[in-house]
Amino acid sequence: MNRKALYFDGSSPVEQQVELTWENHVWIVKDPARTWRREELGLEMLAGDLHVTFASSEELLIIKNLTWDEAKRLGLHQRMTSSSRKMSLAIILALVTTGAFLGIYAAIRPVSYSIARAIPSEHERDLFDHITPIAFLNNSRCTDSNAQEIIQSLGNTLTEPGETPPTFEILDWRMANAFAFPGRRIYVTQGLLDKLESSEQLLAVLAHEQGHSDLRHNLGEAIQGLFKAYFWSIAVGDFSGALLVDPQLAKDLSDAEYSRSLEADADSYGGRKLYARGHDPKALADALLLISESKKDAEQDSSGDTRTSLRKLFKRMTKIFATHPETEVRVSTLKTQYPNVVSREALDQEQWRRLKNACQTE
Ligand SMILES: [Zn+2]
């Protein structure tokens, strides 16, 4: 049987390809012409390659990717069998562990949401005010109590009869943002009020945030976060070596995919509420565009920083996985769902002016 192999002559480190024959326990290397008997050779399998060493010299032969048939001829197949059996056991173990891991992991979300839905909304605040940084947010509130009353009564118009409305508050933060916290607390920043161009856009943002709150997104995510933190602390510590997926990547991808569906759900929930009250859900699309514009400005401001560029590059790469809901998709969904609704203000001019200047009264 002829086989090409790598040959080191023992004195120079250069490898050369040689023709190798083995028959009847005799190994013949052509050019340099050499002959060895099997008994003179040390044979060792290393990562699928056969390393052949010699009792009488420093020479070395490496037969890359030894085939089953060749191993059999060399009397090595028993060694191959046991190592390949070990390999398949390792693969099966990794598959089973990964499957169990993904199965349990996938169950965390529905279980968390079932728990969230089982908590009556009137108890949500008692439960979560103890574990969320409400004091920190309270310290950031604008002190203009009149403006706070205006935004609360604007938010109240989204509540159905008999329901307790969430609280709506303004934070003295420059960044344009709005978010819903567990405990039915909804916050908008002064930076967002500065950006928005109409009170209807503000109402639309409140409706979207109330969607997150009423659909128990924040509560479900918070409970899920507690489970996941516990889960990762076990999984990463003890099992990650046997997993076929990178746990952090799996986590990021599943979270990203989910955040997209949460946003879509809150958009359509808010859209329905606005439409039912004679307001234009397209105002949410306009607000989204204004917010994404202000994000772009913030990114451009720091474009000279290398670390920021790297972060941007990473962001672009992760877009391949559809991480974040693209604003354009959300905007066009809202625009096609409600093509003909006419826009109208949600507050009178004086109230709107008051909100625009909420944090600048001191
Ligand atoms: Zn949202």
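## Terms and basis

Two residues are in contact if their C-beta atoms, placed from the backbone, lie within 7 Å. Axes are lines fitted to C-alpha atoms, for helices over the stretch in contact, and angles run from 0 to 180 degrees between N-to-C directions. Helices (H or I, at least four residues) and strands (E, at least two) are DSSP runs numbered from the N terminus.

The model is predicted: local features need pLDDT of at least 70, side-chain atom pairs count only at pLDDT 80 or more, and totals for chains, interfaces and linings use all residues. Residue numbering starts from 1 along each chain as its sequence is written.

An open sheet with mixed pairing is formed by three strands in the order 8-10-9; strands pair if DSSP finds at least two bridges between them. Strand 8 (167–171) and strand 9 (178–181) are at the edges, each with a single partner strand, so one side of each has no neighbour in the sheet. Neighbouring strands are turned by 25 degrees against each other on average, direction ignored.

Strand 8 and strand 10 (residues 185–189) run parallel and are joined by five bridges. Phenylalanine 168 has isoleucine 186 in strand 10 as its bridge partner.

## Helices across the sheet

Helix 5 lies across strand 8 and strand 10, at about 140 degrees to strand 8. Helix 7 (residues 199–214) lies across strand 8, strand 9 and strand 10, at about 25 degrees to strand 9.

## Helix 5 and helix 13

Helix 5 (residues 145–156) packs against helix 13 (residues 349–356) at an angle of about 120 degrees, with the axes 9 Å apart. In this contact, Asn146, Ala147, Ile150 and Ile151 of helix 5 meet Gln351, Arg354 and Leu355 of helix 13.
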